[in-house]
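Thanks for coming, everyone. Let me put the structure up, and then we'll walk through it piece by piece.

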Amino acid sequence: QVQLVESGGGSVQAGGSLRLSCAASGYSPATNCMGWFRQVPGKEREGVATIDTDGRTIYADSVKGRFTISQDNAKNTVFLQMDRLKPEDSGMYYCAAHNLGSGLCYPGTPHRVFRTWGQGTQVTVSS
């Protein structure tokens, strides 16, 4: 069974850091486009960062220079290192995956393209 499980969320003050993890089971992230998304109540789910099968990373403008997506293929885990956090970074963060190719691997890819989703982990940044 394909499954994604996020962890690492929490509460932090502005300027702080958090590292989110997404553990994959049932398949290898190395063969998929992996993405991190976030959502706050009443707003659309927003793509934050993606990493494709060649290790190419793309970031939303709002997080560029502050967030880093990476993966450990041996552990089937994808990470999102979040530094210099701002209150507007608060939200539920989701990990997602699809195997439809690198051409559809960027933060603006429609959500429906990503076929596998985790349950989410909450991030709260206070000012």
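Start with Cys 105. Cys 105 is buried, with a relative accessible area of 2%. Buried here means under 20% relative accessible area, exposed means over 50%, and partly exposed is in between, with a 1.4 Å probe and protein chains only.

Ground rules before I go on. This is a predicted model: local features need pLDDT of at least 70, side-chain atom pairs count only at pLDDT 80 or more, and totals for chains, interfaces and linings use all residues. Residues are numbered from 1 along each chain as its sequence is written, and side-chain values use heavy atoms, with hydrogens and water left out.

Back to Cys 105. Which residue does Cys 105 form a disulfide with? Cys 33, with the sulfur atoms 2.1 Å apart. The pair links distant parts of the chain. Cys 33 sits in strand E4, Cys 105 in the loop between E9 and E10, 72 residues apart. Strands are DSSP runs of at least two residues, labelled E, and helices are runs of at least four, labelled H or I, all numbered from the N terminus. The S-S torsion of Cys 33 and Cys 105 is about 85 degrees, so this disulfide is right-handed. Cys 33 is buried as well, at 3% relative accessibility.

How many disulfides does a search of the whole structure find? It finds 2, where a disulfide is a pair of cysteine sulfur atoms within 2.5 Å. Cys 22 and Cys 95 form a disulfide too, at 2.0 Å between sulfurs. That link is left-handed, with -75 degrees about the S-S bond. Cys 22 is in strand E3 (residues 18-25) and Cys 95 in strand E9, 73 residues apart. Cys 22 is buried at 0%. Cys 95 is buried at 0%. Counting bonded cysteines along the chain, the pattern is 1-3, 2-4.

Now E9. Of its 8 residues, 7 are buried, so E9 is largely enclosed by the rest of the structure. E9 pairs antiparallel with strand E4 (residues 33-39) over 7 bridges. Two strands pair if DSSP finds at least two bridges between them. Cys 33 turns up again here: its bridge partner in E9 is His 98. E9 also runs antiparallel to strand E11 (residues 121-126), with 3 bridges. There, Tyr 93 is partnered with Thr 121. With E10, E9 has 2 antiparallel bridges, and Ala 97 has Thr 116 as its bridge partner.

Next, the loop between E9 and E10, where Thr 109 is found. Thr 109 is buried at 2%. A polar atom of its side chain lies 2.7 Å from the backbone oxygen of Leu 104. Beyond neighbours within four places in sequence, Thr 109 is in contact (heavy atoms within 4.5 Å) with Phe 37, Leu 104 and Phe 114.

Last stop, the other sheet. It is open, with 4 strands in the order E1-E3-E8-E7 and antiparallel pairing. E1 (3-7) and E7 stand at the edges with a single partner strand each, so one side of each has no neighbour in the sheet. E7 and strand E8 (residues 77-82) are joined by 6 antiparallel bridges.

Asp 72 lies in E7. Is Asp 72 buried or partly exposed? Partly exposed, at 25% relative accessibility. Its bridge partner in E8 is Thr 77. The side chain of Asp 72 also reaches the backbone nitrogen of Ala 74 at 3.1 Å. That's my tour.

Terms used. A polar contact is a pair of N or O atoms within 3.5 Å; within protein, one must be able to donate a hydrogen and the other to accept it, and residues adjacent in sequence count only if both atoms are side-chain atoms.
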